[in-house]
Amino acid sequence: MTTQSTALLTDHYELTMLQAALASGTAHRRAVFELFPRRLPEGRRYGVVAGVGRALDAIERFTFDPEVVDVLREHGVVDEPTLEWLAGYRFDGDVWGYAEGETYFPYSPLMVVESTFAEAVLLETLLLSILNHDSAIASAASRMTWAAGDRPCIEMGSRRTHEEAAVAAARAAYIAGFVTTSNLAARQRYDVPTAGTSAHSFTLLHDTEKDAFTAQVTSLGHGTTLLVDTYDVAEAVRLGVEVAGPGLGAVRLDSGDLGVLAQQVRDQLDALGAHDTRIVVTSDLDEHAIAALAAAPVDGYGVGTSLVTGSGHPTCGFVYKLVSREGPDGEMVSVAKRSKDKISIGGRKYALRRRNARGVAEAEVVGIGEAPVDDGDDRALMVRLVEKGTVVGRESLETIRARHAASRAELPMKARQLSRGEPVIPTLHVDGHVDGPTDGQVS
């Protein structure tokens, strides 16, 4: 894991706001910022929180070392008093939020940052960039793995996105149920399992397809996966079983009408005695294509472009807003933005998932100023992530994967539907301090 400072992964105006607040004497007022979505991506029924672990790592590394300060000084970003303050900066506040892997809905208070204005405002861009990206990938991945059922999904989108985004995407996809990634950096940094065999270039390198298969099986074993659509699929399947025997691990289809081809290949494999040879399909799959292949004899899906671009929604639209700040008398004052179509709801938030006696989610209940009352079947959603500047909320990916599976399972059945629709449960604010209408998503 790199220890490089994350302080410059931010927007210029975070620092100019800081300079003005330091000059006016308001920088050290106590403040509460909230990271939340005003709505789900259009047509989606739920979202998935991802990137929390990466955000905690980034908060720890958000320091203005001499090299960073020199960059800011050289370019005249802020004045000398502000540079002096930044040189000693380290976040000393508290962060609460939804645990990673949790499902979320409009106005879910996904992260609450409590500190001084100066300390908390600087984290805005960093937290948004991480959570907006990773949650978009995890939300798409969750729909894909739900559509796939018991069939495994393999992440293979590294070549379709920025090299660092590819690593984060592999981690987010694993959280939402993908079983492996092709990205080796994701394995190094996060212990995400990796897998891979060969591409068409390997077949084209050899004089014959049989030579290519022989080389691959000899090196990687009979359990390998052979890519069989370089030339003629039926001939390749025949050659694959001839070379590896009926114990051939799998064949991969990467083009054509995958449903029809999968059935033809399954029939051929069975006729050749290769009853346990699996069929893996790739080629621009998304959740809808995966669902369409549910009746086909497919054993696994490799997903790339659609996954790493959020399947049409590459960001979640999260925002980071000041919702409470210290007033002149030392008391905390709720504040809220009232701009048309971009309102926020003032006050420090708490949240629980209201469930019926069968454990099925019925609503997202957000308390303003105090925690909503648990009626006996509910589940608290927010956990402490940072306490007085110390990260306390780190978890293993396996714990996060299990949480996502459990959170998704408690949603009503219509959450599984891929057709466009409204959030599967409503968000309810309690205590009457709702500052205006909220697109019908909140009552």
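**Exercise 1.** Which residues in α2 meet which residues in α6?

*Solution.* The model is predicted, so local features need pLDDT of at least 70 and side-chain atom pairs count only at pLDDT 80 or more, while totals for chains, interfaces and linings use all residues. Residues are numbered from 1 along each chain as its sequence is written, and side-chain values use heavy atoms, without hydrogens and water.

Step 1. From α2, the residues are Val52, Arg54, Ala55, Ala58 and Ile59; from α6, they are Leu126, Leu127, Ile130, Leu131 and Asp134. Contact means heavy atoms within 4.5 Å.

Step 2. By class, this contact of α2 with α6 has eight nonpolar, no polar and two charged residues. Ala, Val, Leu, Ile, Met, Phe, Trp, Tyr, Cys and Pro count as nonpolar, Asp, Glu, Lys and Arg as charged, and the others, Gly among them, as polar.

**Exercise 2.** State at what angle helix α2 and helix α6 pack.

*Solution.* Helix α2 (residues 52-60) packs with helix α6 (residues 124-148) at about 160 degrees, and their axes are 9 Å apart. Axes are lines fitted to C-alpha atoms, for helices over the stretch in contact, and angles run from 0 to 180 degrees between N-to-C directions. The two are therefore roughly antiparallel (over 145 degrees).

**Exercise 3.** Give the strand order of the open sheet and identify its edges.

*Solution.* Step 1. Six strands with parallel pairing follow the order β7-β6-β11-β10-β9-β8; strands pair if DSSP finds at least two bridges between them.

Step 2. β7 (180-181) and β8 (225-227) each have a single partner strand, so one side of each lacks a neighbour in the sheet.

Step 3. Strand β6 (residues 153-155) runs parallel to strand β11 (residues 300-303), joined by three bridges. Ile154 stands opposite Gly302 in β11.

Definitions and conventions
Helices (H or I, at least four residues) and strands (E, at least two) are DSSP runs, numbered from the N terminus. Angles under 35 degrees count as roughly parallel, over 145 as roughly antiparallel, 65 to 115 as roughly perpendicular and the rest as oblique.
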